[in-house]
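Biologist: I'd like a close look at one part of this model, please. Could you pick a residue, walk me through what surrounds it, and then widen the view from there?

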Amino acid sequence: MNEAFFDKKEYKPLDRVDGRLKVTGAAQYSAEYPLPNMAYAVLVGSRIAKGTIKSIDTKAAERAPGVLAVISHMNAIKVPGYQPKGEHPSEPSTNGQPLRVFFDNKIYSNDQPIVAVVAVSLEKAQHGASLVKVQYNKEQHQTDLEANAKAAKLPEAAKKNPKSPTADYDRGQKDAFENSAVKIEAEYVLPTEMHNPMELQAIIAHWEADDKLTVYDKVQGTKMTQKNFAKEWNLPEENVKCITTFVGGAFGNGLHNWPHETAAIIAAKQVKRPVKLVLTREQMFTMVGYRPRTWQKIQMGATQDGKLVAINHESIGQTSTYEEFTESTLQQTRMMYASPNVSTRYRILPLNVATPIWMRGPGEATGAFGLESAMDEMAHVIGMDPIDFRLANYTESDPDKKMPWSTKYMRECYEEGKKRIGWENRKLKPGEVRDGEWLVGYGMGTGTFGANRSSATVHAELNKEGNLIMHCAITDIGPGTGTAMVQIASNATGIPTEKITFHLGSSEFPNAGLQGGSSTVNSVGPAVLSACNALKEQLITMAAAKGNAAFNSAKADDLMFDKNELQLGGKSAKTTLADLFKQNNIEKIETTKESKPDENRTKYSMYAFSMHFAKVHVHPFTGQVRVKKIVCCADAGTIVSPKTAASQMIGGATGGIGMALTEDAVMDHRFGRYVTKDLADYHMPVHADVPDIDVYFVNKPDLLADPVGSKGLGEIAIIGVAPAIANAVFNATGKRIRELPITPDKLI
Amino acid sequence: MIQFQYERAATTKAAVSALVNSSNAKFIAGGTNLVDLMKRNITAPTKLVDINQVPLKDIQQQNGKISIGALALNSRVAEHKLIIEKHPLLSQALNAGASPQIRNMATVGGNMMQRTRCHYFYDTALPCNKREPGSGCGALEGLNRMHAVFGTSEQCIAVHPSDMCVALVALDATVLVAGPKGERRIPFEEFHRLPGKQPEKDNTLQNNEMIVSVEIPDNAFSKNSHYMKVRDRASYAFALVSVAAALNMDGKIIKEARLAMGGVAHKPWRLKEAEKALIGKTASEETFRQAAEIAMQGAKAYKYNAFKLKLGPNVIVEALKNAADLV
C-alpha cells in the first residue's frame, strides 16, 4: 500500500485535457478518418421479427449508379470465425452465439441486418438500400415480456455454476417473510431503454493487406475488438489494429462487437476498399443492444420498529433467442441492508428480439428501482422516515460475502444529502406540502456497484524537456480518462499537468480492459502510478550512480519534481532532470508497468456507494412532474479528477431523470417492432427537464481496493436516481408508480 | 438516386405557376418536416419549389386585423411586438412548439402544412392509410397513446401536431391562399380536415394553391388568454393534450370565450359548445369544469389514450384558470 501518495497535494479540478479538441471539432471520431478510395455501406434491416428470408431482389440496387456491391447471406464471403458451425468468438462472452451477420437466411429479430449496400458515396448507398426488396417466410414471433413470463428460465451459467451471481440465492429462513410482523409485496417494471449516445455507432474497416485489418471503430475496448476480429478472421492478433481515439458517449453499447462491424469488414473485403458504415439513429435501437425490459417482484418483511426481517426479490429480464444476456439486477438486495433473511431469483426470458447489452448502471440500476422503491414503501407502512429506516438496517459488513467492507462511508452521504436537499421540509405523510398549485415531494434512493478492477499496463516515457508521455489501450467514452490519468501522474510526480500527455484508444498501446463497469480509474490509475514510480526509481538510481549521495537511500515516494528541479522529501536535491540526463548521456527514460488486482479482493468486500436525493413538483391536475433539485452523494474512494467526476455524476443523474420520467422504447408486439425509435419519440431529458444538480463526494481513499484509492463512479452516478424520483413523486402525491417512466397519464 | 427538380420562385405568382403542370411538386421553405419525410422515403416529390425568396415574411396591422406572411419564421412571430401585445396566446403557443433551432427555420405556412407524427406514418414497414392509402391503420389497434379522441375514422386516428394552429383556430384566424385562379380565404377551422375516408388529405388546400398569409381579426382577448401544453417532457415533445383558452372579461363575468385543443384530433379542435357555456358566467373553477365536460362530449378513447378523456378536461380547466388569473 502506498500511503505516502496521499500525503501529497490534493487533486484539484482540472479542465478536460481534450476539451478544446472536442469543442473545436478537432477530435477525430471513428467515422472521421478520411481514407483514400473509401466506400460506404448502408444496412437493410429485416421487416419481420421471426422467420426466414425467402428471396432478396437486389437487381435494382445493383443497377443503381455508384453501387459497388449488394451483400447478403446469398453472396457474402465466408467468415472463417463462423466455422466450424456453432462457435462465433466474442468477448466478453455471453452464453450462446452472437448473431452471425449474412450467415444464413434466419431472422431472429425485427430490423436484424440482412443486406449491406456498398457504394461510392453514402447517398448512393442509401438509395441502393431503398431499392432492395426482400420476401420472407414469416413465423409467429414472441416479443412481449409479461405475456410470456411463464417461459422465463434460469440462465445456463447459473445452471452450470451454483455460485454464479445469477444463481438462486437464499440466506436465513425461507418462511421469514410469511412470519414478518409487517409485510409488503409489490411488482415493478422497467421498460426497455436505449443507450442513445450522441455519436452513432460507426466503423471504418480497412484491409491494409489480405491478412492485415485495421478498424476505426466506436467501441469500449480496443483490445477486445482486436482479439474478437483476430479470431473471427483467423488472423494473428498483431495483424488486427483497432483505433478508437474518441468516443462520443456509449453508456455500454460499445462493450460488445456487433454484427454491423463484421458487416463492414466483410464489405471491405468484397469491394477491396476501405468501407465506412455508420448506423442510423433507428438502427441504434435494434443493432447495438439496450437495457432489457425487466419485471420484478419484491416481498419485504420487517418488525414494527423498522428492522428488516426478510427480502424476497425476483426478476425476469428479456434476452434474445440466440444469446443469454444476464446482469446483476439482484446483487444489491443481498448486500445492501442487514436483513437476516434474503432470497433472490434471477430469470431470463428469450424473446424474438436482439440481444441486450449492459447500459449504464447495468442490472443494479434496474434492481435499485425495485429495492429502493420497496424500502420507501416499507418505511411508509411502518411510518418511519425512509432515511431512518435505512439507518436502522445499516450493515457494517457484507452479509452476502460475509466479509468486511474495504471502506463504506454511507453515513456521511445520508447526512450531507439530507442537509443539501432540505430534507427537514419533507413531511412523513404524502401530499402535505404545496408550492402554489403544485404538490411538493422529497425522495431518496441508494445505489451501489462493485469496485471493480482488472489488470492494465501503461507505457511511460520522460524526456529531457521534462515531458511525461504515457500510452495505454484503454478507451475514453467521455468520463475524462485522459484528464484523470494526467492528474494521477502529476500528483505522483509533481510534473505540471500541461507537460503530461496520456495517449489512449489504440490496440497498439499496452493492454487494458474495457471502459465499462466503473473500472478505469481503479485499473489504469494504478498502472499510471506504478509507471511513474518506476520512472522515479530509474532517476534515483541514475543520480546515485553519478555520486549524488542524497539519492543513495531514496525511495520513489521521496522524489518529486518542482519545475525541472528534483526534490527529495520536499527539499531540493540540487540537481535537475536536464543535468541528470546530460550526465548519463540519454534523451529519455521509459518503462512499461502492469498493475493487477491483489489478494485484498479475497479478504474484503469492495463496493462504491451513492445516494441520490430528489425534490419534485407534481401538478395535481395535469400530472406533470418537474424535478426541482437533485443532490448526488457518492462514496467512490479518492476523487482524482473532481471536475470530470462531478460531470459524471451530473450526467448520471440526468440519465436517472430519463429512467424515472421519460425513457421508454415502446414495441408494437403485433409486429415485434419499436415505434418510439428516434430522438423525437424516445424521450431523453432535455435541458428544461434537468434542474440544479448538486454533487457531494466523501472523497476518502479506499487503499485496499487499489493504490489510487478509487472505487469507480460511472455506474453509481445513475443507480438509485430513478427510485429517488419515484419516491419523491409518492411523497408529493401519495401515488406509487411501479412501472416506469412516470408520465403525466399515470398521475392524473 | 431519386431525382427531383429544384427551382426557386421569387413571387407568389411564379411559385404557383411552378406547381402547375408538375405532378407531385412541393413547396419548400424551412424544410423542417419535409426533408425528414424525404429522407425516410415517406414522400418523394418530383420537384421542389423553394419559396424562401417570395416576400411573405411581414407581420403587419391592417384594417381590423393582423396579417402574418406565410413565410414569417415561427420564432419571429413569437417574438414580434404586435403579436405579444395583441395575441399573446399565439406567441405562447409558438414557443411551446419544437425547439428554438426548429422555430428559427420553420415558417407559419410550413407549420400549418406539417404532417402528423404518428409512429405508423413514419415507418414504411408498418401499415398507414395516410402514407399508403388502403394499407390499414396501424394505430387503430396499436400503440395509440398519442392519438386522437375526437373526429376519428376507422381509416385514421392520427393527430395534427401543431401548437400554433391550436391558437390560430381559437383566435378565429383566416387563411389567405393564392391559386392559378387568384386568391381565396379559408376560415382557419376549415383549413385542416378530419380523416374520414381520405386520411391522406390533411387539409382543404386545392391543387396548386399556396398559403399567402394568416389573418387574425382584432379581438379583446389579449388580457385573458393562456396556452397550456402537457407533454411527456418539459420541452421538445408533442402535446398529449394542449389547450388554447381566451376570455374577454368584464370584471369576473365572461363576455366572450374561445377554446381549442391540440393533441386530440386530426385538426386543431375548436370547442364552440364549451365556449357558449362560458358566456355570461362568473369565472370560477366550477364554471370551467362544466365547460370542460361539455367540451369532452363525443370524445372516444382507444386502448392507450383513455387518459386523454381525463387529462383533456383538466387541462381545459387549468388553461381557463390561468387565462382568468384564478391561479
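This is a predicted model: local features need pLDDT of at least 70, side-chain atom pairs count only at pLDDT 80 or more; totals for chains, interfaces and linings use all residues.

Modeller: If you skip the neighbours within four places in sequence, I742(A) is in contact with V625(A), A660(A), L661(A), A726(A), V729(A), I737(A) and L747(A). Now zoom out a bit. I742(A) is among the residues with the most contacts inside the largest nonpolar core, along with M300(A), F613(A), V616(A), I630(A) and I725(A). That core has 87 residues, and its top contributor is helix α8 of chain A, residues 364-382, which gives 9 of them. There's also a second, separate core, with 44 residues; A512(A), C532(A), L535(A) and F561(A) are included in it. As a bit of background, nonpolar side chains in soluble globular proteins tend to be buried together.

Next, let's go to where the chains meet. Chain A brings 39 residues to the contact and chain B brings 37. Together they bury about 3,000 Å², and carbon and sulfur atoms give 59% of that area. On the chain A side, the residues that lose the most area to chain B are F621(A), H683(A) and I748(A), which together make up 17% of what that side buries.

Charges and polar atoms show up here too. There are 6 salt bridges between chain A and chain B. For one to find on screen, look for R673(A) and D123(B): they form a salt bridge whose closest N and O atoms are 2.7 Å apart. Across the interface you'll also find 16 residue pairs in polar contact. The elements giving two or more residues to chain A's side are α3 (122-131), α14 (642-662), β31 (667-668) and β32 (673-674). Of these, α3(A) gives the most, with 4 residues. Sorted by class, chain A's side has 16 nonpolar, 9 polar and 14 charged residues.

Finally, hop over to chain B and find E209(B), in the loop between α10 (188-191) and β8 (210-217). With a relative accessible area of 10%, E209(B) falls under the 20% cut-off, so it counts as buried. What does its side chain pair up with? The side chain of E209(B) makes a polar contact of 2.7 Å with the side chain of R184(B). Setting aside neighbours within four places in sequence, E209(B) is in contact with F27(B), V177(B), A178(B), G179(B) and R184(B).

Conventions
Residues are numbered from 1 along each chain as its sequence is written. Chains are lettered from A and ligands numbered from 1 in the order in which they are written. Side-chain values use heavy atoms; hydrogens and water are left out. Contact means heavy atoms within 4.5 Å. Buried area is the accessible area (1.4 Å probe) that two parts lose on being put together, summed over both. A salt bridge is a side-chain nitrogen of Lys or Arg within 4 Å of a carboxyl oxygen of Asp or Glu. A polar contact is a pair of N or O atoms within 3.5 Å; within protein, one must be able to donate a hydrogen and the other to accept it, and residues adjacent in sequence count only if both atoms are side-chain atoms. Ala, Val, Leu, Ile, Met, Phe, Trp, Tyr, Cys and Pro count as nonpolar, Asp, Glu, Lys and Arg as charged, and the others, Gly among them, as polar. A nonpolar core is a set of buried Ala, Val, Leu, Ile, Met, Phe, Trp, Tyr and Cys residues joined through side-chain atoms within 4.5 Å. Buried means under 20% relative accessible area, exposed over 50%, partly exposed in between (1.4 Å probe, protein chains only).
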